[in-house]
Amino acid sequence: MKKFFSLMRSSNRTISLLTLLSISSILAIDLCFGEIPELFNGGKELLNAYYNFCIGLVASYVFYFIVVHVKEQSDKDNVKAYVFSKSNCVVGNYKCVIRAVKKEVGYMGTEDYFDQEKIHELFLKVVPNSDAPMVSSYDSSRLNWVQFLNDYRISSIRLIDKMLKVMPYLDTEHIQLLSAIEDSHYFIEISGLSGIGNPDISIWSETFYKYSLDCKALEKYNARFW
């Protein structure tokens with residue numbers, strides 16, 4: 001019964017209200033107005049026409065509810081688990097990067113989000129051409145930090161692309177959050193694999209900070225629905 005009412009609430013509100021009005025009209029005509037004498041010429045025919053219209057509307061709603069809406073909701077529920085597992089992985093990719101940076105520089109705090117100044121301070125201590133905590137999937141060699149950051153960028157882009165393939169099941173807020181991450185300046189900058197010759201990775205601290213804000217917003221969104 002709970003599932004039925006949940007399905008009712010999730011259906012189109014305007015159509016549902018019109019259907020309830022039609023059911024009320026049918027009951028009112030059957031129980032009350034059907035036996036009232038005709039008030040004006042053609043009144044009975046008009047009432048019958050309205051009665052038949054209401055029956056047709058109710059029948060159409062039943063068809064829509066069973067054949068269309070129930071299937072749509074079932075598909076949406078199935079997609080929800082798929083989407084939010086990947087949405088959480090996008091946030092997880094950010095956390096893997098910032099935790100690796102913290103470990104590299106010996107920062108012992110447990111927080112995952114920082115202000116721009118702190119990120120800059122952390123990034124000043126990471127040498128881009130030094131070994132990162134990841135090995136290549138091709139030859140098992142150690143990746144440097146630029147390659148490490150780019151690998152997580154690629155992973156996040158792939159996850160987001162998979163989610164956007166089921167865009168009809170996503171709400172606009174989720175799409176905006178995912179698009180903000182996919183189009184972030186940090187991703188654009190890191191994709192070129194530049195900066196290996198720099199003494200540190202602080203050139204990306206500003207854009208990484210903005211990227212972290214987008215991930216934090218996505219994490220809050222995920223927590224609301226999953």
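This is a predicted model: local features need pLDDT of at least 70, side-chain atom pairs count only at pLDDT 80 or more; totals for chains, interfaces and linings use all residues.

**Entry: Ile 26.** I started with the contacts of Ile 26, leaving aside its neighbours within four places in sequence, and found Tyr 51, Cys 54, Ile 55 and Val 58. Contact here means heavy atoms within 4.5 Å. Ile 26 sits in helix 2, residues 13–31. Helices (H or I, at least four residues) and strands (E, at least two) are DSSP runs, numbered from the N terminus. Ile 26 and Tyr 51 are 25 residues apart along the chain, and their C-alpha atoms are separated by 6.2 Å. Is Ile 26 buried or exposed? Ile 26 counts as buried because its relative accessibility is 15%. My cut-offs: buried is under 20% relative accessible area, exposed is over 50%, and partly exposed lies in between (1.4 Å probe, protein chains only).

**Entry: what I am looking at.** Residues are numbered from 1 along each chain as its sequence is written, and side-chain values use heavy atoms, with hydrogens and water left out.

**Entry: the whole chain.** I counted elements next and got 8 helices and 2 strands. Read from the N terminus, they run α-α-α-α-β-β-α-α-α-α. The chain has 226 residues, and 37% of them count as buried. I also looked at contacts between residues at least 6 apart in sequence: 65% of these join residues at least 24 apart. The chain exposes about 13,800 Å², with carbon and sulfur atoms supplying 59% of it. That area comes from the Shrake-Rupley method with a 1.4 Å probe; for residues, only the protein chains shown count as cover.

**Entry: Leu 159.** I moved on to helix 5, where Leu 159 is found. Which residues does Leu 159 touch, not counting those up to four places away in sequence? I found Lys 86, Cys 89, Val 90 and Asn 93. Leu 159 and Lys 86 are 73 residues apart in sequence but 6.0 Å apart in space, C-alpha to C-alpha. With 14% relative accessibility, Leu 159 counts as buried.

**Entry: helix 5 and helix 6.** Two packed helices are described by the angle between their axes and the distance between the axes. I looked up both for helix 5 (residues 145–164) and helix 6: the axes come within 10 Å and cross at roughly 150 degrees. Axes are lines fitted to C-alpha atoms, for helices over the stretch in contact, and angles run from 0 to 180 degrees between N-to-C directions. Helix 5 and helix 6 are therefore roughly antiparallel to each other. The classes are: under 35 degrees roughly parallel, over 145 roughly antiparallel, 65 to 115 roughly perpendicular, and the rest oblique. The crossing of helix 5 and helix 6 is left-handed. A crossing is left-handed if the near helix is turned anticlockwise from the far one by less than a right angle, and right-handed if clockwise. Helix 5 brings Ile 157, Ile 160, Asp 161, Met 163 and Leu 164 to the contact, and helix 6 brings Ile 175, Leu 178, Ile 181 and Glu 182. By class I get 7 nonpolar, no polar and 2 charged. Ala, Val, Leu, Ile, Met, Phe, Trp, Tyr, Cys and Pro count as nonpolar, Asp, Glu, Lys and Arg as charged, and the others, Gly among them, as polar.

**Entry: helix 6 and helix 8.** The axes of helix 6 (residues 172–182) and helix 8 (residues 205–225) come within 9 Å and cross at roughly 155 degrees. That makes helix 6 roughly antiparallel to helix 8. This crossing is left-handed. Among the residues making the contact are Leu 177, Leu 178 and Ile 181 of helix 6, and Tyr 211, Leu 218 and Tyr 221 of helix 8. The contact divides into 9 nonpolar, 2 polar and 3 charged residues.

**Entry: helix 4 and helix 8.** The axes of helix 4 (residues 116–123) and helix 8 come within 9 Å and cross at roughly 125 degrees. Helix 4 and helix 8 are therefore oblique to each other. Their crossing is right-handed.
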